[in-house]
Structure formats: C-alpha cells, structure tokens
Amino acid sequence: QVQLVESGGGLVQAGGSLRLSCAASGTSGSIFRLNAMGWYRQAPGEQRELVAAITRDGSTNYADSVKGRFTISRDNAKNTVYLRMNSLKPEDTAVYYCAASYTYGPDYWGQGTQVTVSS
C-alpha cells in the first residue's frame, strides 16, 4: 500500500507561481515498483483531467493547456514528485491530486490540494 501526501497549494494572483509537492510513503517494495507519478486536477463541475505525469526514468507528459508553463519533476531518492506552475491563469483553479501507478492506473491518489488563481 502506498500513501500520497500533497502540499503547496494556495491562493495566487494571475501570472504568479506555485510549486506542489507529493511525497509517497509505504513499504519499500511498493514504492520501488511505482512507475508513473503525476498530477491531475478537477475544477467544479468538470471531470478530473491529467495535468502532467513523469515515469521513473524521467519521461514526461503534459496536458496541452499547461505546456510551457508547468514543469513536473521527480526525486526518486525522496519518493517525491513536484509540479512547478508558472504564469498561472484563473482557469488553472482546481483541486490538484497527486497520483501514482504501477503500470496503467492510477493505482493511488492523494487527498488533493486546492489551487486558486485570482484574476
């Protein structure tokens, strides 16, 4: 079993930046077998959508809406994934969820952290 704990959300003005962190904990075997980790978001009345993901070997994938503004990174030694969000827009306002998967997933979700971008 793996637990994901997010931090770093908050309120920021449009054009500002935030960094989200997600730390994974659990048995060493469970952690080691994790492949992709990433971030999803869900705005009120909307479906949850993939924002960015990164595999253990560093391959990344981004939603078109955040390309060039968001950067995902991962520290395998710390079992932590980060999402650096620059040039934030009001439409980025959502609850951001950390997710982790072994193959196809996600298999685990964090509790979510609110990001609010004011205009």
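A: In this predicted model, a disulfide links Cys22 and Cys98, with an S to S distance of 2.0 Å. A search of the whole structure finds 1 disulfide. Such a link is a covalent bond between the sulfur atoms of two cysteines.

Start with its geometry. The torsion about the S-S bond of Cys22 and Cys98 is about -80°, so the disulfide is left-handed. Cys22 belongs to strand 3 (residues 18–26) and Cys98 to strand 9 (residues 94–100), so the bond ties together parts that are 76 residues apart in sequence. Both cysteines, Cys22 and Cys98, are buried.

Strand 9 pairs with strand 11 in the antiparallel sense, over 3 bridges. Val95 has Gln114 as its bridge partner in strand 11.

Strand 11 spans residues 113–118. Strand 11 also pairs with strand 2 (residues 10–13). Here the two strands run parallel, and 4 bridges join them. Val12 has Val117 as its bridge partner in strand 11.

Look next at the two faces of strand 11. In a regular strand the side chains alternate between the two faces of the sheet. The covered face of strand 11 holds Thr113, Val115 and Val117. The uncovered face holds Gln114, Thr116 and Ser118.

Methods:
Residues are numbered from 1 along each chain as its sequence is written. This is a predicted model: local features need pLDDT of at least 70, side-chain atom pairs count only at pLDDT 80 or more; totals for chains, interfaces and linings use all residues. Side-chain values use heavy atoms; hydrogens and water are left out. A disulfide is a pair of cysteine sulfur atoms within 2.5 Å. Buried means under 20% relative accessible area, exposed over 50%, partly exposed in between (1.4 Å probe, protein chains only). Two strands pair if DSSP finds at least two bridges between them.
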